[in-house]
Amino acid sequence: MSLLKSQFTFEGAWPCMRPIILKLLKQEPVTQGEWQDLFYSVHQVCLDEKGPPKLRDSLKEDIMDFIKQAQRRVMAHQEEQALLKAYIAEWQKFFTQCNYLPTPFRQLEASLRGKTSSSMQKKNQPEESIVRKLMLDSWNQSIFNDIKQRLQDSAMRLVRTERNGEVFDSQLVIGVRESYVNLCSNPTDKLEIYRDNFEAAYIEETEAFYWVKAPEHLYMYGVEKYMRYAETKLKEEELRAQKYLEPNSASVQLLMERCVKVLVANFKTVILSECPRMIQQHQTEKLRLMLKLMDRVPEGVTPMLVDLEDHIATAGLDDMMAAVDIITQDSEKYVERLLDLFRRFSNLVKEAFDDDPRFLTARDKAYKLVVNDSSVFKLDLPMRQGSGGAPAVASAAAAPLIGTITSLGGPNSKPVNNNNGLPESKCPELLANYCDMLLRKTPLSKKLTSDEIESKLRDVLLVLKYVQNKDVFMRYHKAHLTRRLILDTSADSEKEENMVEWLREVGMPADYVNKLARMFQDVKVSQDLNQQFKEQCRAAIADSINIKILNAGAWARGSERVTVSLPLQLEDYIPEVEEFYKKKHSGRKLQWYHHMSNGTITFSNQVGKFDVDVTTFQMAVLFAWNQRPLEKISYENLRLATELPDPELRRTLWSICAFPKIKRQLIIADPPAQSPKDFSQATKFWVNQEFAIIKNGKLQKRGKINMIGRLQLSTERSKEEDNQSIVQLRILRVQEAIIKILKMRKKITNSQLQTELVDILKNMFLPSKKMIKEQIEWLIEHKYIKRHDNDINTFVYMA
């Protein structure tokens, strides 16, 4: 037993073990028996307490000897590529054995850790191999430490030659990198050696290379070619980094950040200085390239957004001003010009920036400035609006007579308003006019197909999205719709109703859209009532009269009504209508709005007989000559006969004395006047017995002419109050929104209130800070809200 024990001491076993270990290190063939003997010998040596340390030290010594031999073979090469090839070959052989050699020494590793073989096998995740660590540390401390700088420098020089266009074996650099990665034996950070050496050197070398090359290229070829150079090099470096840097690390990202800095960020100002010119000249490919570069730089895109906004605002306004003579005379040209600008700027954003949301936002912001600019057209709203009001009553009509259903009630007190006084764009009014041209029977709507009209209406809604004060559009659009429904001049009733739904889809206020929808319902109900009345009415004139009875809540525009002396046939007809309606609906009141009515009269003179479409006011004036067609009547006598107020009589007389569409006027005035203001009390008027319709230079003895023109929805006085009523309605909207917000929040700061207020009202108009402040003070004064006791900038709702 003592003899066997002595044979398996370290001293007795090592001479047999060492030849096998050397074969493994040199990658020479080992028989199965030698392999098994090595396992057995290691196991027996480890049974001796003094065996494991001795075995470890001797193993280390042999590993170091082998490494020194490898180092001599590597250092024998002086040429860089040969050195790298030799090193990589030696390293790959050695690294392969790092995976095989530790296998027979597992018992040794367990003994050195103070563990038994059985306990080691029970462990789920074996610890780092001591022998493998020993091999890697030995390589690191000897050959690698001695020549790593040479290896690193050689690898970097090879990469530089590749950047300069030369070709070499990329595996040389990859092999060096792999040795850096695999050499680290730190279990918590496997990439420590690689990161501190190879990665750092690669990034520094890249930065140094472009630090010299980039400015040279910029100053030699200019910004446009430099951008292409920078983009190309960034792509090349990313592909090169993916090949030469460790893939499972942040190396590529770190390198690209440094490349962006040296290739783009350092020249950011110079590159961006070309942006305004490129936008102006529509150089979309170059702008697309600039965006790619600037998108890599923090805050690099912001100056481009500013340049785009400036260009759109400036070019848009310049274009509008250049065509001011055309667009101020024709709302169709104005809207078409706006749409053309929108398409042009949208194409620029699409082609140059691929509809990037940031640039779409910049386009919208700048286009909004163009749409709401008041330098071409402006709508002056009043500076102050007095308190006081009237019942919400108004209407529209279709035949000579119109009635509206109204609810009785007293005036509502309204606060004094100080608007900001700044002129607003007339764009919403012109958009409404253009819609009217498309929806009414006009030469424009007649030459367009149904699909083309729908397309153009959609275009109007597109521009409307950018209109700041949509309440002005609502007012004018409703007025035009009223005229179309009263005069029955809609080109397509289906399109009319579709337009209402489209307005709802684009976010117009629900109460406004609902009133428009109610107008269509009223017209349909009124048709039924009209038919029922005609069946019951005994008067002979019933068949030739059409009455529209409309709800004031939907049709209301103003409360002012004008007295007029109607022809007897109509005057006697009104009580029968009222009596019929009272039987149908008790508790409702009819109010007649003759200034919104119209009819057709037959006019006869020496030339012939003509049918003339006229307003009720024109009819009342013309009927003054019904019994005395050849007399000359003074202005004063006409006023007494018609009972019209002076402004309305002047306007009515002017419309039949100077109608622009006919050469021979219906009524002649003496002395001739240049405007309605020129009429005096003594001015004489008489029927033109030579009145006739002339077509293509030929006199027509029969025919029909429309002298209504633009149906009067308001009197001269209420027309002046239209803009005041816009401001007044805005005041009520602001008050309503403030109360709504505070009722929900109970308590809110001034800044938060203003933010939420703008968000609520943005689909109608943008309230000025001055208006908001005044309405807050008015609500505080009338005890709807109050300031917080401890903070004057916080408001509290009062129940």
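Strand 8 and strand 9 (residues 609–615) run antiparallel and are joined by 7 bridges; helices (H or I, at least four residues) and strands (E, at least two) are DSSP runs, numbered from the N terminus, and two strands pair if DSSP finds at least two bridges between them. This is a predicted model, so to speak of local features takes a pLDDT of at least 70, side-chain atom pairs count only at pLDDT 80 or more, and totals for chains, interfaces and linings use all residues. Residues are numbered from 1 along each chain as its sequence is written, and side-chain values use heavy atoms, with hydrogens and water left out.

Back to the sheet. Thr-600 has Asp-613 in strand 9 as its bridge partner. The open sheet has 3 strands in the order 8-9-15, with mixed pairing. Strand 8 (598–604) and strand 15 (702–706) sit at the edges with a single partner strand each, so one side of each lacks a neighbour in the sheet. From one strand to the next, the twist averages 20°.

Next, a helix pair. Axes here are lines fitted to C-alpha atoms, for helices over the stretch in contact, with angles from 0 to 180 degrees between N-to-C directions.

| Item | Helix 18 and helix 19 |
|---|---|
| Residues | 331–353 and 357–371 |
| Axis approach | within 10 Å |
| Crossing angle | roughly 160° |

Helix 18 and helix 19 are therefore roughly antiparallel (angles over 145 degrees count as such). On the contact side (heavy atoms within 4.5 Å), helix 18 brings residues including Tyr-334, Phe-342, Phe-345 and Phe-353, which meet residues of helix 19, among them Phe-359, Arg-363 and Tyr-367.

Now the cores. A nonpolar core is a set of buried Ala, Val, Leu, Ile, Met, Phe, Trp, Tyr and Cys residues joined through side-chain atoms within 4.5 Å, where buried means under 20% relative accessible area (1.4 Å probe, protein chains only). The largest one has 183 residues, and Met-17, Tyr-87, Phe-105, Trp-139, Phe-198, Leu-263 and Leu-503 have the most contacts inside it. Helix 8 (residues 130–163) gives the largest share of this core, 13 residues. Leaving out residues up to four places away in sequence, Phe-198 touches Gln-152, Met-156, Arg-177 and Tyr-244, among others.

Zooming out, the protein has 34 helices and 18 strands, and 49% of its 799 residues are buried.

How values were computed. Buried < 20%, exposed > 50% of the residue type's maximum accessible area, 1.4 Å probe, protein only. Parallel < 35°, antiparallel > 145°, perpendicular 65-115°, else oblique.
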